[in-house]
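User: I would like to learn how to read a chain interface. Can you take me through one?

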Amino acid sequence: MGHWALVRFVVRVFPAWGGRSGVWRHLDRCSACQSRLAGLEETRRCLVRPEDVGRLDGIWPEVRRKVCSAPPEPLAPVFRRTGNPFWRWAAATAGIGFAAFLTFAAIRFLRSGNGPIQARIEAAGEPLRIHYARVDGHPAETFIVDLPADRMVVVWVAKRSEKEGQT
Amino acid sequence: MNEPDLIAACLAGRGEEFRFIVDAYKSQVTAVAMNILGNREDAEDACQDTFVQVYRHLGTYDPARSFRTWIFMILYRRCLDTIRKKKRFRTFFMKAQAEPSRAMVVPPAEPSARGIAGEEILNGLRPKERTAITLWANEGLTAAEIAAIIECAPSTARVYLFNARRKLKTLIEERKDHGTLGAR
């Protein structure tokens, strides 16, 4: 009983463990463990055998009809597992970790109030628009400064400088 | 004519020669499909689709590999497709199962080898476990060959086989206790 429980534990808990071959060797030898597994004849009694399926006269005419009438189609794509299982596990773990990091960073960014100002203004309900600004009858330059820490948006209007690039 | 010659003849355009390949494998393929899918109608459809796919892709067959294993690999994919479709229409199939005349799809003239009790037992296994145990018991395939068919590592195939045999034993014992497993 004890080694059967151990065998089940190893098979269930360590699905990718290379050293499990010892467990298979034990299973092949141990009659007590074998008695807990369905034997070949026992299994066959529960299965449909090739000699039991009866006549299959309709298979070939249908296959010939499909082969002659329909154009060829590609095989269904299959995800092939290749390489060392360790690297598959490592890649999966790294992928999950990276996704968690991105999620954490995105949440932190949005909570910090550093999100795009346009989105935040629109979310506030009343969009902030400046169509034009004049100072002394001349077009002026406008600046919008967002100060999220102070929950404040400052609108700055400056007279355009005579020289290019200066305000 | 042996198998490589038949394949060469089909590739040369003599499609009628494919009939011999179909006749050689149709019983094995249908039996495996019936064990995986649980009913004859789906199994025959999967069998036909498998042979159509085999014919269309004979050019990609690698002669270094076993032809039988290649056929079973294509059959396994077809069976998985069918199982996925059946899941989508679960409601319909639950209704069908409630009607004994539709659930018992094997014609009376050709009685199911495993009977209702056997079908119920196999329903307790997952599709990969059903595939592994069928290929092991019916076809005598090794874990490595089963792994090539269900496209996993050989050790994983052994786990499927182990779990299938363990569950099957438990279910058989339960049926014996309740006296519902009829002897053949």
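**Reading the interface**

Analyst: Start with polar contacts: pairs of N or O atoms within 3.5 Å; within protein, one must be able to donate a hydrogen and the other to accept it, and residues adjacent in sequence count only if both atoms are side-chain atoms. Between chain B and chain A, 11 residue pairs are in polar contact, both residues at pLDDT 80 or more. This is a predicted model: local features need pLDDT of at least 70, side-chain atom pairs count only at pLDDT 80 or more, and totals for chains, interfaces and linings use all residues. Residues are numbered from 1 along each chain as its sequence is written, chains are lettered from A and ligands numbered from 1 in the order in which they are written, and side-chain values use heavy atoms, with hydrogens and water left out.

User: Which helix gives the largest share of the side of chain B that touches chain A?

Analyst: Helices are DSSP runs of H or I, at least four residues, and strands are runs of E, at least two, numbered from the N terminus. α10(B) gives the largest share, 11 residues.

User: How many salt bridges are there between chain B and chain A?

Analyst: A salt bridge puts a side-chain nitrogen of Lys or Arg within 4 Å of a carboxyl oxygen of Asp or Glu. The count here is 3. One joins K169(B) to E42(A), at 3.1 Å, N to O.

User: How many residues of each chain are in contact?

Analyst: Contact means heavy atoms within 4.5 Å. On that rule, 51 residues of chain B touch 47 residues of chain A.
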